[in-house]
Amino acid sequence: MKRYALRQLVQLAVVIVGISMLAFGILHVIGDPVTLLLPQNAGKEEYARYNKLLGLDQPIYVQYWKFASRAVQGDFGKSWYADTPAFSLVLQRMPPTLYLTTAGLAMALLIALPLGILAALKRHTFVDTLCTMTAVAGQAMPIFWLGIMLIIIFAVQLRLLPASGYGTWQHFLMPAFTLGAFLAPITMRLVRSGVIEIMNMDYIKTARAKGVGEGVVVVKHAFRNACIPVITVLGLQFGQLLGGAVVTETVFAWPGVATLTVDAIRNQDFPVVQCAVVLLALIIVAVNFLVDMIVGLIDPRIRVGG
Amino acid sequence: MSAVNAGEVPLRSPAAADGLSTGAHRSWRRLWRLKWGLVAAAIMLLIVGVSVAAPWLVPYSPVEVDIRHRLAPPAWMEGGTPDHVLGTDAIGRDLLSRMMYGGRVSLVIAVAAVLVSASIGVLLGLAAGYFGPKVDWTIMTLVNVMLTFPFVLLALAVIAVLGPSLTNMIIVLGVADWPLYARVIRAETMALRERDFMTAARALGMSHARIIFRQILPNLVSVIVVIATLQVARVIILESFLSFLGLGVQPPTPAWGNMLGDGRVYMLNSWWIAAFPGAAIFITTLTINLMGNALRDWLDPHMKL
């Protein structure tokens with residue numbers, strides 16, 4: 001287990017370095033911060049002066065090293081727009097995003113677990129077909145459209161729920177459902193195939209032969225073991241979940257990191273963009289690591305083979 | 001050609017794919033899904049046809065402003081006119097015409113971006129699978145970095161720096177979307193490397209390039225086609241989202257995404273402006289996904305994607 005953890009940690013470090021390079025590269029290699037900062041009619045002299053002021057006349061690896069060593073201390077520079085440190089801006093917006101992703105995950109499980117188990121137990125029947133078709137349709141659904149349709153129906157027409165904003169539990173319902181609908185189809189398919197595979201195992205037959213009730217067989221024996229692939233994939237899907245949160249937040253004007261980042265991108269406020277990108281990636285990597293560890297603990301085959 | 005059978009289809013373990021279902025049941029299921037694939041293909045053909053022929057089919061120019069008829073509801077609603085079947089937007093442009101044109105932009109960007117990402121992903125995947133641990137480690141680390149990162153944010157950030165344009169959209173979506181191909185192709189290449197015909201090819205003294213492109217690649221065509229098809233749907237959604245945020249296709253060029261973004265402002269009173277373009281995206285991606293699934297079942301039912 002120690003060796004497995006160590007190997008995962010090394011990989012984690014490499015991925016973090018890679019992401020910081022990506023975040024740095026987006027601005028400094030593809031773009032040119034000076035052109036973005038200066039007005040369009042600025043002269044060559046002014047350009048050179050700013051270039052030097054920002055330290056952009058130095059070799060690129062020196063610049064990256066500076067960026068990285070400051071970033072480690074939580075210093076991503078000041079926002080070009082709000083004149084506050086980018087780090088505190090991003091940190092401030094983190095809780096709503098984390099609440100939303102948690103609620104979305106819960107909603108996805110709430111939809112996917114019953115449907116997945118049901119589809120597996122009623123395999124090759126009308127119920128299964130219906131569940132599978134719902135999943136296929138769900139996968140094709142652009143969730144920003146789903147969100148807008150929900151707003152039109154529940155906020156504008158029926159006036160049941162607030163269209164946007166943050167605060168009460170009513171505010172959570174539509175965004176959580178939207179995000180949940182994004183993750184539910186793949187989760188449902190996994191639960192279905194997991195339960196199907198396990199219902200054919202010998203120990204299920206043994207349990208049945210012992211006279212254990214069907215409900216107990218499904219819940220205690222089958223479902224528990226079907227959880228392993230679901231946990232793994234959900235962990236790996238966490239990045240996707242955050243991507244979905246970006247979309248959901250913009251539709252519902254949710255005051256999280258994603259709306260902050262999208263606004264920062266619109267204002268070309270790159271310190272904030274870089275900071276948000278690196279912090280979000282850190283969370284994703286940490287979650288992935290935890291999932292790897294948990295799965296490694298549950299299933300010894302993985303830590304030896306992987 | 002050599003005596004080596006390059007067209008050989010790689011065998012996978014069928015036992016792993018499906019628990020206990022009987023052969024008859026499976027082939028019935030295959031046919032059933034294929035039926036949906038054919039229906040989907042027909043619908044897709046219609047969508048592509050309408051998009052291509054849009055200039056000759058549209059009742060109005062997609063950018064023609066008609067302030068007198070602004071925010072007209074669809075024809076079947078109260079206050080709607082048969083002149084504008086799906087209604088008009090905030091400055092009186094005909095929604096149906098804009099939707100027909102919008103499809104062109106979305107489809108062109110998606111297909112071009114998928115060609116870019118498939119090329120990058122397949123080349124890197126082949127290299128990672130063929131050239132041993134060092135190359136493999138480097139490429140797979142890159143894949144992990146890309147997969148860890150929320151794709152949406154990456155695309156947004158790059159577009160913000162480069163500025164939105166048709167070419168930039170294709171490049172960004174193409175460059176950001178290759179890791180999936182690389183991962184699958186790498187695994188398939190590794191499996192193929194152990195096969196007898198590979199040993200034979202090496203024994204015959206073939207060059208690496210020839211082995212990779214003549215012996216390995218032909219075996220992977222069906223996998224690539226299936227992933228690429230499914231990815232077209234994904235890229236359409238992403239492009240729409242970028243356009244929805246105003247960071248993609250720029251007005252007045254109509255695209256489903258930016259129409260949806262425009263409509264969002266008016267959703268309080270004029271729901272149709274947002275509803276129809278979104279429905280077009282949904283139907284198109286659903287159709288492509290059904291096609292992709294059917295294609296997978298038809299080419300290789302044991303493909304694990």
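Predicted model: local features only at pLDDT ≥ 70, side-chain atom pairs only at ≥ 80, totals over all residues.
Among contacts in chain A between residues at least 6 apart in sequence, what percentage join residues at least 24 apart? Hold on to that one for a second while I set things up.

Hi everyone. Okay, back to the question. The figure for chain A is 71%. And if you ask about chain B in that way, you get 71% there too.

Let's stay with chain A for a bit. Chain A is made of 306 residues, and 38% of them count as buried.

Now, let's zoom in on one pair of helices. In general, two packed helices are described by the angle between their axes and the distance between the axes. Our pair is α9, residues 202–209, and α10, residues 214–236, both in chain A; their axes come within 11 Å and cross at roughly 150°. Because angles over 145 degrees count that way, α9(A) is roughly antiparallel to α10(A). The crossing of α9(A) and α10(A) is right-handed.

Which residues meet there? From α9(A) we have A:Tyr203, A:Ile204, A:Ala207 and A:Arg208, and from α10(A) we have A:Val217, A:His221 and A:Ala222. Sort the contact of α9(A) with α10(A) by class and you find 5 nonpolar, 1 polar and 1 charged residues.

On to chain B. Chain B has 11 helices and 0 strands, and from the N terminus on its elements run α-α-α-α-α-α-α-α-α-α-α. Out of 305 residues in chain B, buried ones make up 47%.

Last stop: where the chains touch. Here 39 residues of chain B are in contact with 43 residues of chain A. Which helices of chain B each supply at least two residues of that side? They are α4 (132–148), α5 (151–162), α9 (208–244), α10 (256–265) and α11 (272–299). And by class, the side of chain B that touches chain A has 29 nonpolar, 9 polar and 1 charged residues.

Definitions and conventions
Residues numbered from 1 in each chain as written. Chains lettered and ligands numbered in written order. Contact = placed C-beta atoms within 7 Å. Helix = DSSP H or I, 4+ residues; strand = E, 2+ residues; numbered from the N terminus. Nonpolar A, V, L, I, M, F, W, Y, C, P; charged D, E, K, R; others polar. Buried ≥ 20, exposed ≤ 12 C-beta atoms within 10 Å, placed from the backbone. Axes fitted to C-alpha atoms, helices over the stretch in contact; angles between N-to-C directions. Parallel < 35°, antiparallel > 145°, perpendicular 65-115°, else oblique. Left-handed = near helix turned anticlockwise from the far one by under 90°.
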